[in-house]
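Biologist: Please go through the labels used for this model and say what stands behind each of them.

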Amino acid sequence: MQRRHSLLLTRAQVFSLALAGMGAMPSGAQGALTTPSILAPASTPAHEIYALSQFVLVITGAIFLVVGGLLAFVIIRFHARKTDAEHEPAQIYGSTQVELAWTVIPVLIVVVLFLTTARVIFAIQDAPKPQSALDVIVVGHQFWWEFRYPKLGIVTANELHVPVSTSTMPRPTFLQLLSADVDHSFWVPQLGGKTDLIPNHPNAMWIDPQSTGLYLGQCAQFCGVEHAKMLLRVYADTPDQFAAWVKAEQRPAMQPDAHNADAVAGRHVFETQACANCHTISGTAAKGTFGPDLTHLMSRATIAAGAAANTSDNLRAWIQDPNTVKPGALMPAMQLSDQETDEVVAYLTTLH
Amino acid sequence: MADQTYPIPGTLDTTPSRGAALLEWVHSWVVTVDHKKLGILYIAYALVFLLVAGVEAMAIRIQLAIPHNHFLSAELYNEFFTMHGTTMVFLVGMTLIFGFGNYFVPLMIGARDMAFPRLNAFSFWMSAFGGLLLYFSFIGGFGLYGMGSAPDVSWWAYAPLTAKAFSPGHNTDYWALALIVMGFGTLGAAINTLATAFSMRCRGMTLLRMPLFVWLMVVASADTLIVITPLTAAQVMLIIDRYLGGHFFDTQAGGSATVWMHFFWIFGHPEVYVLILPAFGIASEVIPVFSRKAIFGYPAMVAASVGIAFVSLSVWAHHMFTIGMTSVSNAFFALSTMMVGIPTGIKIFNWVATMWGGKIRFATPMLFCTAFLFQFLCAGLTGIMLAVAPWDWQLHNSYFVIAHFHYTLTGSFVFCFFAAIYYWYPKITGRMLSETLGKWHFWLFFIGFHMTFDTMHFVGFLGMPRSSYTYEPDRGWTTLNMIISAGGLIQAVAVLILVWNIIDSFLHGPLAGNDPWDAWTLEWSTPSPPPPYNFETEPVVRSRRPLWDIKHPNDPDWKYER
C-alpha cells in the first residue's frame, strides 16, 4: 500500500512538471494559495483525488498519444496527392480480428480504471470518523454560509475555522451539510471534492488541512442571482490559534464601552429596528436566524460572503443598500437615517 | 379548353401581383407536408437560433473577459446562460438532427416522403412554436428592459430553485411550458423517423444495408422516445407544484430535490447521445466518401451505435456524484459511464481504419469531420476523467465540465453539422458552397474553438465554478478568461463567414449537378435539388453503396459485403 502510494507520487511530480510547463499552473505548491487549484492539494481527500487523477491522466494520456498519433499518421500518409493513380484505393470492408482487438483492449482498460476508482470512492466516502474529529454543521443560505459547531456552542458565518491536522495529531473536520433554501455546493478545491447542500437531504464530507493558512472556495451549484458571490473561506489554524479562536467565539457579544455614545446608540437602533428580526447578537435582544450571526462580526475579514472587505465604509454601504455591494442579496435596504447608520456601524465595529 | 377566338369580356390577368406571389410562396412553406421543405425549415430555424445562442454566448464571454465586469447584470447573465443552454440543446441541437433527418432519411432509403407527412408538419410547427414561446419570455414580464422574464434558473433547473418561493414570476413557467410543447414536436419527429426507416425502405434495402446516417437517426429517435417522456413528466410535475399545490419537488413541504435531478438527468444524459449519434451518422457518411473507401466494419458500427444507446440509459447519475449518493451507487455509475467508452472507442477506431489506406480529399466537409475525430477523442478522454467519481467531486460544476461538454457538443456535434451543411448544401440548393470561404470558416472556427475550450480545462483545474456571472481578480483566472473570450470572438467571426457563404452561394454558387462529391448513397442519384417526388422510379439496391455498384459494375460491393 505504502509502495503504491509513493509510486503515484512520483507520477504526480512528473505531471506537475508537465502541467507547470503549460504555463499558468501553480502546481505542486504546498500550503494555501489565492488560486484554489485542485492541483495543489492540502488535505487527505484532495491528495487522494490528486493521486488518482495522475493515474487516470497517465492512462488517458497514453490513449490520446496512441489514437491521436494514428489519426495524425493517417492524415499525413493517406491524403490524396496529384501523383496518385486515377483508380479508387483498395476497398476494405472490415476485419473481425482487428475489431475484436480494439474491443477487448478498452474493456481491460475500463476494468483497471474502475477498480482504481472504486478503491478511492470507498476510501474517501466511507472513511471512519475518529474520536478526535471536529463536528461542524454547514447550512447553505441564499447567498451565504452558516457554520455551527454543535459541541462548542459556536455559530458563525462565511469563514470556517478548523484546526490543522497532522499525522502525529490527526484532527479531521467532519462537515454535515444542510440547506435552508435551495441547492448549494461546498467546494474548497485544495481541501477536497465538493458536496452539495440539498434541502431535506443531509450530506456529509470531511477535510483535514495539513498546513495552516487561508483556503479559498465558493458555492459550486447555481443557487440564484448572487451565486457568483457566495464565497467561502476556510482558515486552518494551529491548535493554539484554534483554541484561542474558540474561546473568543464562545464569549457573548462585547458590551459597547459606555463612553462610546455612538456605539451605545447603535446597539439600541439594532435591537429596536428590523435588524434584530434576521440577525443574532448573543447577549442582546437580537435573536433572528435568517441572516448571519453577528456576535463576533469583527473577527471576520469579509462581509456579504466575501463580496466586500469588512471595513466601516463597506459596512455603511451595505446597511444603506446591500444591492450596491451584492445585487440580489436578500437583505433589504434598511432605510435608516445617516445618523442611525453611523451609530449602527459604530456598534458593529465593536463586535470583536 | 379556353376558346381562343372568343375572349371572355374584360381582362383576366393570370399573373399574380408581386404581393400575391410572395403570399403564395409563404403559404406554400407554411402548409407544406413535403419532407424536404420541412427539413429546410428545421435547418433554417436551427441556424437562426444558432446565431441567437451565439449572441448570448458572446455576451457571456464579454462579461467574463475581465473580473468584476459590469457588462451584464447578475440577473441578465443568469438569463443568458440559461437561455444559451436551453436554446442550443432544444432549438439548435434537436432541430438540426431532425432537419437533416427529415431531408435525408427518405432520400437515403429511396422513399418519396416520410411515413407520416402531416405528423411531420405538426412536429415541426410544435417545435417552432415551443421555441417562439421560450423567446417570447424576453418581452413578457417586465418587458425588454431587464430582458423580461426569460428563464434564469439554469438549463438543468434544479429544484427547489424553480419553486414559487424562489422563482416568483413566470420565468420558470416559460421554460417548463416551452419544453413541454417542444417535447411533443420532438416525439412526433422521432416516431416519424422510426416508422420511415422501418417501413419505407426501397426494394433490396435490408436493415443492414441502410446508410449509417439512417441507422444513427433510428437509434437517436428510439432514445428520444424513451427520454423525452421523463422530461415531460417532470415539467408537468413542476407546473403542478407551482400552480396546483403539488409537493413533488417543493422541499419546504417535504418534497424531494433529488427526485428532480434523477428525472432531469435520465432525460439529460441520453439527450447528449441523441444529439451526438446523428453527428456520428454524418461522420460515417462523409469520412468514407472523402477517403474513397467503404466504411470499415459496418456491422460493428451499427452494433456500437445501438450499444451506446442502451448504455447511455444507465449513466445519468454521473451528473450527480456530488449529491451524496452512497459509495456503491457512485461506483456503479462510474462503471457504467466508463463502459460507454468501449463502443465509442470502436467507432473512433473504425473511422480511422476507414481513412487508413484511402486517398483522403480534404474538402471542407472532410476538414470538419477530421477535426471532429480529434476533438471527439479528447471529449471521450475527458469524459473518462469525469467518470472517475472522486475526480468528478473536484471537476463537477467547474469549467472543466464546461470544456468537456463543449468538446462534445461544439467540437463534435456542431463540427459534424457544419460538415453536413457543406456536404449536403449542393443537394439541397443545387449550388456548391464556396470552398475558399469554407476553409476560412473551418480554420477560424478550429483555432477559436481550441483557444476557448482548451483553456477552459485549465481554468477548471484552477477551481473556477460554472454559472457565475463574475469572479474575483486575485484567483489567477483573469488571463485565461481573456484568452477564452478572445477565442469566442474568433468563432463568432467564423460563423458569420458561414452565414455569408450560405447566402452568397445560394445566389452565385457554381451549379452542383447530381453528384458533386462522387458519393455512393441514393440521395446523390437524384437531381439537385431533388424533385418533390424524389425518385422517378423506385430504386433497387443490392448493397450499402448502390451508386458504387453503378459506377463500378465489374467490382460491385455486393460481392464483398459481409
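Modeller: Helices (H or I, at least four residues) and strands (E, at least two) are DSSP runs, numbered from the N terminus. This is a predicted model, in which local features need pLDDT of at least 70, side-chain atom pairs count only at pLDDT 80 or more, and totals for chains, interfaces and linings use all residues. Residues are numbered from 1 along each chain as its sequence is written, chains are lettered from A and ligands numbered from 1 in the order in which they are written, and side-chain values use heavy atoms, leaving out hydrogens and water.

Biologist: What makes S4(A) and strand S10 of chain A a pair?

Modeller: Two strands pair if DSSP finds at least two bridges between them. S4(A) and S10 (residues 231-237) have five bridges, in the parallel sense, so they pair by that rule. A:Val162 stands opposite A:Ala236 in S10(A).

Biologist: Why are strand S4 and strand S9 of chain A called edge strands?

Modeller: The open sheet has the order S4-S10-S9 in chain A, with mixed pairing. S4 (159-163) and S9 (213-218) each pair on one side only.

Biologist: How do you know that B:Trp260 touches B:Trp156?

Modeller: Contact means heavy atoms within 4.5 Å. Not counting residues up to four places away in sequence, B:Trp260 touches B:Trp156, with B:Trp175, B:Leu238 and B:Phe249 also among its contacts.

Biologist: Which element gives the largest share of the lining of the second largest pocket?

Modeller: Lining residues have an atom within 4 Å of a point of the pocket. The lining has 34 residues, and H2(B) gives the largest share, 10 residues.

Note on methods. 1 Å grid on protein atoms, 1.4 Å probe; cavity = no way out; pocket = protein on both sides within 12 Å on 5 of 7 lines; lining within 4 Å.
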